[in-house]
Amino acid sequence: MVALFDHEEVGSDSAQGAGSPAMFDALKRITLSVGNSTSEVNVNRAIQCSFLVSADMAHCVHPNYPEKHEDNHQPTMHKGLVIKHNANQRYATNAVTAFIFRHIATKHKLPVQDFVVRNDMACGSTIGPILASGVGIRTVDVGAPQLSMHSIREMCGVDDVSYSYQHFRAFFQEFTQIDVKLTVDC
């Protein structure tokens with residue numbers, strides 16, 4: 001399923017935003033329509049077997065302000081999607097979801113980068129944490145690296161558009177086979 005939401009830049013709390021029940025309701029209707037029963041158990045099972053790729057953009061290191069990034073987390077254009085991490089849950093990525101997304105990149109020889117916000121810097125967010133907490137679905141927050149986010153002249157690397165397409169396509173084709181082999185020690 002691909003879900004696109006409105007009002008992301010103003011908080012997502014609208015009838016058609018990520019904070020609405022739209023995604024959960026769609027998952028519920030789809031699950032109940034294909035199952036042999038109308039049981040909520042099937043809905044819960046479907047959510048537990050699902051995985052959300054929250055795809056947005058990512059701040060790449062700006063050549064005029066490299067000190068704004070951690071030394072080992074400086075995404076650059078033309079080097080693949082960025083997996084975004086934040087200890088305060090401004091991004092919904094965790095170790096397992098990052099592993100799955102990275103595994104697919106490695107398998108297909110696609111470049112991938114990591115971004116961790118500096119502890120002393122403010123951090124924006126995405127719809128990932130809204131959907132992860134509202135629906136209870138495993139989530140990874142990713143983005144194509146770009147310069148000048150939210151400015152009049154945003155720019156990203158053309159190679160990253162291709163890498164994004166290849167990565168998302170491989171994910172949709174292979175996630176189920178990878179997920180059944182995955183064992184997470186809790």
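Reply: A point on terms first: axes are lines fitted to C-alpha atoms, for helices over the stretch in contact, and angles run from 0 to 180 degrees between N-to-C directions. The model is predicted.

Me: How are helix 3 and helix 5 oriented to each other?
Reply: The axes of helix 3 (residues 95-107) and helix 5 (residues 158-181) come within 10 Å and cross at roughly 110 degrees. Angles of 65 to 115 degrees count as roughly perpendicular. Helix 3 is therefore, relative to helix 5, roughly perpendicular.

Me: Is the crossing of helix 3 and helix 5 left-handed or right-handed, and how many nonpolar residues does their contact have?
Reply: The crossing of helix 3 and helix 5 is right-handed. Residues of helix 3 including Ile100, Phe101 and Ile104 meet residues of helix 5, among them Phe168, Phe171 and Ile178. By class, the contact between helix 3 and helix 5 has 2 charged, 2 polar and 9 nonpolar residues.

Me: How many disulfides does a search of the whole structure find?
Reply: A disulfide needs two cysteine sulfur atoms within 2.5 Å. For cysteine 60, the closest cysteine sulfur is in cysteine 156, 9.1 Å away, so the distance is too far for a bond. The search of the whole structure finds a disulfide count of 0.

Me: Is cysteine 60 buried or exposed?
Reply: Buried means under 20% relative accessible area. Cysteine 60 has 6% relative accessibility, so cysteine 60 counts as buried.

Me: Where is asparagine 94 found?
Reply: Asparagine 94 is partly exposed, with a relative accessible area of 39%. Its C-alpha atom is separated by 10.0 Å from that of isoleucine 83, 11 residues apart along the chain. Asparagine 94 is found in the loop between strand 2 (81-85) and helix 3.

Key
Residues are numbered from 1 along each chain as its sequence is written. This is a predicted model: local features need pLDDT of at least 70, side-chain atom pairs count only at pLDDT 80 or more; totals for chains, interfaces and linings use all residues. Side-chain values use heavy atoms; hydrogens and water are left out. Helices (H or I, at least four residues) and strands (E, at least two) are DSSP runs, numbered from the N terminus. Angles under 35 degrees count as roughly parallel, over 145 as roughly antiparallel, 65 to 115 as roughly perpendicular and the rest as oblique. A crossing is left-handed if the near helix is turned anticlockwise from the far one by less than a right angle, and right-handed if clockwise. Contact means heavy atoms within 4.5 Å. Ala, Val, Leu, Ile, Met, Phe, Trp, Tyr, Cys and Pro count as nonpolar, Asp, Glu, Lys and Arg as charged, and the others, Gly among them, as polar. Buried means under 20% relative accessible area, exposed over 50%, partly exposed in between (1.4 Å probe, protein chains only).
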